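Subject: Handover of a structure and findings

Dear colleague,

Please find below the structure that I am handing over to you. My findings follow it.

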Amino acid sequence: MNNQNHTSSDFEKGKILLVTCKDIDNSGYGISTWNNRVLVTPELVPGDKANVRVEYRSGSRWFTSIVSFKSHSEDRRIPPCEINKDCGCCNTQHISDAKQWYIKIKHLEYLIKTNCKIDVDINESFKNKEK
């Protein structure tokens, strides 16, 4: 699906879109884009390719829900907690431990860089600490 040839009238609530998740936000929701719009999808993992339904807009972000998967990310896993769906506290349990670590490190680096104005490589810092 070439998403560069669509007009704004093609984008509305209920519309089904084929997207590939590119990133994850601070809440653990997948981030993708379609026709220069930012889409936020709970339970989508970077690398997942899925059909999503447009649900609502909040500011510049459009929230969507998963309709079906075309392919799964290599970082997707079955959540280890049996009550994950009912509880909802852990938005990243469906992501592998290694990818969760990477996401958390990148977020911490971003916070340090933007708030403290320090350029830091957290992974390198941990490696030096272990020696």
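What is the volume of the second largest pocket? The second largest pocket has about 200 Å³. This is a predicted model, in which local features need pLDDT of at least 70 and side-chain atom pairs count only at pLDDT 80 or more, while totals for chains, interfaces and linings use all residues. Residues are numbered from 1 along each chain as its sequence is written, and side-chain values use heavy atoms, with hydrogens and water left out.

Pockets

A pocket is defined on a 1 Å grid over the protein atoms alone, as an open set of points where a 1.4 Å probe fits, with protein on both sides within 12 Å along at least five of seven lines; lining residues have an atom within 4 Å of a point. Grid points are joined across faces, edges and corners, and a volume is the space filled by probe spheres set on the points.

The second largest pocket is lined by 13 residues, of which Glu-43, Asn-84, Cys-90, Asn-91 and His-94 are the closest to its centre. This lining consists of four nonpolar, five polar and four charged residues (Ala, Val, Leu, Ile, Met, Phe, Trp, Tyr, Cys and Pro count as nonpolar, Asp, Glu, Lys and Arg as charged, and the others, Gly among them, as polar).

The largest pocket holds about 420 Å³ of space. Its lining has 17 residues, and the closest to the centre are Ile-24, Asp-25, Asn-26, Ile-103 and His-107. Two or more lining residues come from each of β2 (23–24) and α2 (97–116), where helices (H or I, at least four residues) and strands (E, at least two) are DSSP runs numbered from the N terminus. The largest share, eight residues, is given by α2. By class, the lining of the largest pocket divides into six nonpolar, five polar and six charged residues.

The sheet

Six strands form an open sheet of mixed pairing, in the order β1-β5-β6-β4-β3-β2; two strands pair if DSSP finds at least two bridges between them. At the edges stand β1 (16–20) and β2, each with a single partner strand, so one side of each has no neighbour in the sheet. Nine bridges join β5 and β6 (residues 61–71) in the antiparallel sense. Within this structure, Val-54 has Thr-64 in β6 as its bridge partner.

Individual residues

Accessibility is described as buried under 20% relative accessible area, exposed over 50%, and partly exposed in between (1.4 Å probe, protein chains only).

Glu-43 lies in the loop between β4 (37–41) and β5 (49–58). Its phi is near 70 degrees, a positive value in a residue other than glycine, and Glu-43 counts as partly exposed because its relative accessibility is 38%.

Lys-117 belongs to the loop between α2 and α3 (122–130). Phi of Lys-117 is also positive, near 60 degrees, and this residue is exposed, with a relative accessible area of 68%.

Trp-101 is part of helix α2 and is partly exposed at 45% relative accessibility. Its C-alpha atom is separated by 10.0 Å from that of Asn-123, 22 residues apart along the chain.

Gln-93 sits in the loop between α1 (84–87) and α2 and counts as buried at 13% relative accessibility. Neighbours within four places in sequence aside, Gln-93 is in contact (heavy atoms within 4.5 Å) with Arg-77, Ile-78, Pro-79, Pro-80, Cys-81, Asn-84 and Gln-100.

Yours sincerely
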